[in-house]
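Here's a quick briefing to read with the structure open beside you. Take a look first, then work through the points below.

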Amino acid sequence: MVYGVIMNFRAAAKARGGWKAVLQHLYTNGDYPLKMGNHVGSDSFGNKYFENRVDYPFGQHRWVEYADIHNLDSSQIDPEWHGWMVSMNDVPPTTQDEWFEKKKEDITILSQSDAIYDHGVGYQNPINNFNGMHNLSQVRERGFNIGNTVTRLAAGSNGAYYTQPGNPYNPNHRKPKVMIGDLDEGNDSVPEGEHRRYKSLKWKDRLASADEKVAAAAKERAVQEATNSDMMNEMFGGGGGGRGGTRI
């Protein structure tokens, strides 16, 4: 068994051109035994595509080795290569033009057409990507206000990820932060930038100190007692005149 492992590593080093490439393969794909096959082609981002129909079963005979070995994501596979990877077709994009030209010879023209295409594939959009990612839903912040180091998206930037109307991440439906009060208002000893402003009563309760809460509770009781006293005086009156209070 040990001999087989050594020979496998030697064959992989020879096929990949050195031990560095072997260790990089283990770091990225993590496949053992080390996968070896024919290099079919590369895409615009530098991802390499391989195939080996002899040593591996169907479904494992094609694989990709990503150009960015530290940030792997399946959305970095070109759409044209994706069809080949999942065996939707057996013609890699590197030879599809030749395959089209060959298959055109089998087309029998039955009637004259003014169409600009001479095959059934039709119009194809040019392939665009952002940092190798074709699935733009990945171009978004990975957490609140931290940005995305993979796509180089700055914190607070609007990504390409679609958000429903009413979603807090939708910039058109974010409520502006409006402060309704300041615990340090009128206190000149506190710098302006360190004032404890709050946007709701819950924020006010969280920001207030224990002594401030006690003082606020005492003030609230005093106001409540004064209000009750005014109501009693208005109801039962303090004199014979006025609005006809009843004296007992």
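What follows covers a helix, a sheet and some salt bridges, topic by topic. Keep in mind that this is a predicted model.

- Helix 2 spans residues 19-28, and V22, H25 and T28 are its buried residues.
- Those three sit on the same side of helix 2, because they cover an arc of only 135° around the axis.
- What do they pack against? The buried residues of helix 2 pack against helix 1 (2-16) and strand 3 (62-65).

- Three strands make up an open sheet, ordered 1-2-3, with antiparallel pairing.
- Strand 1 (38-42) and strand 3 are the edges, each pairing on one side only.
- On average, neighbouring strands in this sheet are turned by 30° against each other, ignoring direction.
- Strand 2 (residues 48-51) runs antiparallel to strand 3, and four bridges join the two.
- If you want to trace the pairing, K48 has E65 as its bridge partner in strand 3, while Y49 has V64.

**Strand 3, covered on both faces**
- In a regular strand, side chains alternate between the two faces of the sheet.
- Strand 3 has R62 and V64 on one side and W63 and E65 on the other, and all of them are buried.

**Salt bridge R62 to D90**
- R62 pairs with D90 in a salt bridge, with the closest N and O atoms 2.8 Å apart.
- R62 is in strand 3 and D90 is in the loop between helix 3 (79-85) and helix 4 (96-104), so this pair ties together parts 28 residues apart in sequence.
- Buried or exposed? R62 is buried, at 6% relative accessible area, whereas D90 is exposed, at 51%.
- There's a network here too: salt bridges link E51, R53, R62 and D90.

**Other salt bridges**
- How many salt bridges turn up across the whole structure? The search finds nine.
- One of them joins the side chains of E212 and R196, at 2.7 Å from N to O.
- That pair links distant parts of the chain, 16 residues apart: E212 belongs to helix 6 (residues 210-236), and R196 to the loop between strand 4 (181-182) and strand 5 (197-198).
- E212 counts as partly exposed at 29% relative accessibility, and R196 counts as partly exposed at 22%.
- R197 and E192 also meet through their side chains, at 2.4 Å from N to O.
- Here R197 is partly exposed, at 30% relative accessibility, and E192 is exposed, at 55% relative accessible area.

Key
Residues numbered from 1 in each chain as written. Predicted model: local features only at pLDDT ≥ 70, side-chain atom pairs only at ≥ 80, totals over all residues. Heavy atoms only, no water. Buried < 20%, exposed > 50% of the residue type's maximum accessible area, 1.4 Å probe, protein only. Arc of directions from axis to C-beta. Contact = heavy atoms within 4.5 Å. Pairing = 2+ DSSP bridges. Axes fitted to C-alpha atoms, helices over the stretch in contact; angles between N-to-C directions. Salt bridge = Lys/Arg side-chain N within 4 Å of Asp/Glu carboxyl O.
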